[in-house]
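Walk me through the packing inside this protein.

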Amino acid sequence: MNTYKKYLPLIIGAAIAVGIFIGGKLNFNDSSDRLFTSNSKKDKLNRLIDYIDYEYVDYINTDSIVDVTVNGILDNLDPHSVYIPKEDMESVTENMKGDFVGIGVSFYPYNDSIAVIRAIEGGPSAKAGIKGGDRIVFANGDTLYGRDVNNGDLLKRLKGPVDTEILLEVYRKGEPDLLKFKIKRDHIPIKSVDASYMLTQKLGYIKVNRFAESTYKEFKKALNNLQKDGATELVLDLRGNPGGFLNIAEQITDEFLEDDKLMLFTKNKRGKIEKSFATRRGAFEDGHVYVLIDENSASASEIVAGALQDNDKGTIVGRRSYGKGLVQREMKLGDGSAVRLTVSRYYTPTGRSIQRSYKKGNADYFDDYYSRVDNGELLDPEKIEVADSLKFTTPNGKVVYGGGGIIPDVFVALDTSMQNETITFLQRRGYINSFAFEVLEKDRTVFEGETRRDFIENYKVGDSIVTDFQDYLKIKRRTNMVFVAYKDEVKQYLKAALADQLFGSGAFEEVVNKKDVMINEVITLSEEKEY
């Protein structure tokens, strides 16, 4: 009791102070004011949303207004600060994590049914015995055929918590009854290493499509296998790789650089600098590495290429990279959505920033590819614009430039035959893959017993298949397409699609790479290299 009396004046004083503070914040003429807030820019936005919610004449989904507001704010920052709505978060997270929980099949809707293109190697469906060409017609008794079934519904039914079971009923051509498979859902990898194989007796090849959480483990496994196969040189293909996690790029770079070599440094708006050094003996420090880049290699891809180039390690081959030198951090917004906000810039070991200017706005920034086409840069290295004020020198005296991407050591022009717009369109829209499935559907027994190596080295796509493809497009697209000038390229992509559906795991890349001018240039460089 005495203790209470001792502190009573202090308690009363504190209460009065709080009361004065709250009273000062109250505005009895405006019921929208909130306690403990000031008349700030944040409060202005909150008030506007409240007014629309409670006073506007029509019902408005204010969630959509908030999304528009957030996107509008970010559009005024830089091109790479982005908003991720909550409905997109699951797929974005899965893609960057590198796996999802499911049954392990690739599929697409085919004649109102769900056709398995291929069971993913090592996944639960492959272990259970599901094959390419199977039709999944029931899942736990639910119907999975008919016009009303869409991909979103299918994914919801096939996905689920890890280790939960799902009963699939499958139609297989030649079987009198439906086949039943009880499958336990598991983690299914979303591979970021597309392909890994030997190009020559000494030259290995790894293609990385992004830098996800699982990428370094995939890369390390591929590198170990290639070294066991005799690889003393490596092609690291980062073409079309948009980037990903900074630390994954550092881990991969560390495999090539000696201890204590600077890989990059970052700087935030307060001037704080954080440096990243190679920390351990990498597995390929003594081997020569060729890094392939193009105009779509960005961010983490450029970190790898820039770190190696600035340390005079290996050879950068291809065309000037995208030019993204900004670092984002993902921040949750409390409702399931998130923002990836640019928090710093990164610099290569010589001190150059490779970030392109975005002063003219985001639209102009993202249209840069077309500017490169127009000025001829993709065909002629002399067309690449550089500034002497952004000239840097590596320890061995090689001149490199900042201000907009990594300029390769060896330039390889765009192969216009393989970058044909028509073929690119047909590939991206899925026509080539769907037609390849049609070819296999006619008679899969034709390919039974054929090994992956025999198929890649010896199988020929005949003229009749190209004609059938033209007829297929006539029905699907209701337009006549005749492949006269680029029939060989069409054959190559059809063969690659067949290889992918038959063998998976990099077979597509092995076929396409046979005529890849950049890879052939590296093979030539490797053969000419003296030891």
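Begin at Ile206. The model is predicted.

Ile206 belongs to the largest nonpolar core, which has 36 residues. Ile206 is among the residues with the most contacts inside this core, along with Phe211, Leu236, Ile252, Phe256 and Val291. Several elements give two or more residues to the core. The strands are S11 (203–208), S12 (233–237), S13 (262–267) and S15 (288–293). The helices are H7 (215–228), H8 (246–254) and H9 (300–310). H9 gives the most, with six residues. In soluble globular proteins, nonpolar side chains tend to be buried together.

There is a second, separate core. This one has 32 residues, including Ile423, Ile432, Val439 and Leu498.

Now turn to the rings. The whole structure holds 23 aromatic pairs. A pair of aromatic rings is described by the distance of the centres and the angle of the planes. Take Tyr110 and Phe437. Their ring centres are 5.2 Å apart and their planes stand at 65°, so the pair is edge-to-face; the cut-off for that class is over 60 degrees. The pair links distant parts of the chain. Tyr110 lies in strand S3 (residues 105–110) and Phe437 in helix H13 (residues 431–442), 327 residues apart. Are these two residues buried or exposed? Tyr110 has 11% relative accessibility, so it counts as buried. Phe437 has 0%, so it counts as buried too.

Helix H13 also carries Phe435, which pairs with Tyr472. Here the centres are 5.4 Å apart and the planes are at 55°, so the pair is tilted. This pair too links distant parts of the chain, because Tyr472 sits in helix H15 (residues 463–477), 37 residues from Phe435. Both Phe435 and Tyr472 are buried. They are part of one aromatic cluster with Phe469, Phe483 and Tyr486.

Finally, look at charges over rings. Which ring does Lys267 lie over? Lys267 lies over the face of Tyr347, at 5.6 Å from the ring centre. Arg356 provides another case: its charged end sits over the ring of Tyr365, 4.0 Å from the centre.

Methods. Residues are numbered from 1 along each chain as its sequence is written. This is a predicted model: local features need pLDDT of at least 70, side-chain atom pairs count only at pLDDT 80 or more; totals for chains, interfaces and linings use all residues. Side-chain values use heavy atoms; hydrogens and water are left out. Rings of Phe, Tyr and Trp (its six-membered ring) pair if their centres lie within 6.5 Å; planes under 30 degrees apart count as stacked, over 60 as edge-to-face and the rest as tilted. Helices (H or I, at least four residues) and strands (E, at least two) are DSSP runs, numbered from the N terminus. Buried means under 20% relative accessible area, exposed over 50%, partly exposed in between (1.4 Å probe, protein chains only). A charge sits over a ring if NZ of Lys or CZ of Arg is within 6 Å of the ring centre and within 35 degrees of the ring normal. A nonpolar core is a set of buried Ala, Val, Leu, Ile, Met, Phe, Trp, Tyr and Cys residues joined through side-chain atoms within 4.5 Å.
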